[in-house]
Amino acid sequence: MARIFLLLAIVLGILWWLRDRAGTRHHAEPKSPPRRTAAEGEGTEPMVQCAHCGVHLPRGDAIAWHGLHYCRRSHLPEMPGEGDHGARS
Ligand SMILES: [Zn+2]
């Protein structure tokens, strides 16, 4: 019976020692600096997708139309009812 306790004590001692070693090694590792995430709305514009051709472009360059974004005027859907096809600027 005493042998089992001795064995247990040795095993626990080894585990403790391994944990201590691992702990010190981990402590010695240089901590990586926190990665700076791309700040949205701070200098960088959010990208939007053209509803016609699917190209991605900054929202500032896109043409918003009925909740959708388009990369150019020619990609805007033609309004039904408004007959004039001329490009109004
Ligand atoms: Zn487009």
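Helices (H or I, at least four residues) and strands (E, at least two) are DSSP runs, numbered from the N terminus. This is a predicted model, in which local features need pLDDT of at least 70, side-chain atom pairs count only at pLDDT 80 or more, and totals for chains, interfaces and linings use all residues. Residues are numbered from 1 along each chain as its sequence is written.

**Exercise 1.** Find how many helices and strands the protein chain has, and their order.

*Solution.* Start by counting: the protein chain holds one helix and four strands. Then read along the sequence, and the pattern comes out as α-β-β-β-β.

**Exercise 2.** Locate D61 and decide: is D61 buried or exposed?

*Solution.* First, find the loop between β2 (56–58) and β3 (63–65), where D61 lies. Next, recall the cut-offs: a residue is buried with 20 or more other C-beta atoms within 10 Å of its own, exposed with 12 or fewer, and partly exposed in between, with C-beta atoms placed from the backbone. D61 has 12 C-beta neighbours inside 10 Å, so D61 counts as exposed. Finally, look across to C71, 10 residues apart from D61 along the chain: their C-alpha atoms are separated by 7.2 Å.

**Exercise 3.** Describe the backbone and surroundings of H66.

*Solution.* Begin in the loop between β3 and β4 (68–70), where H66 is found. Its phi is near 55°, a positive value in a residue other than glycine. Most residues other than glycine have a negative phi.
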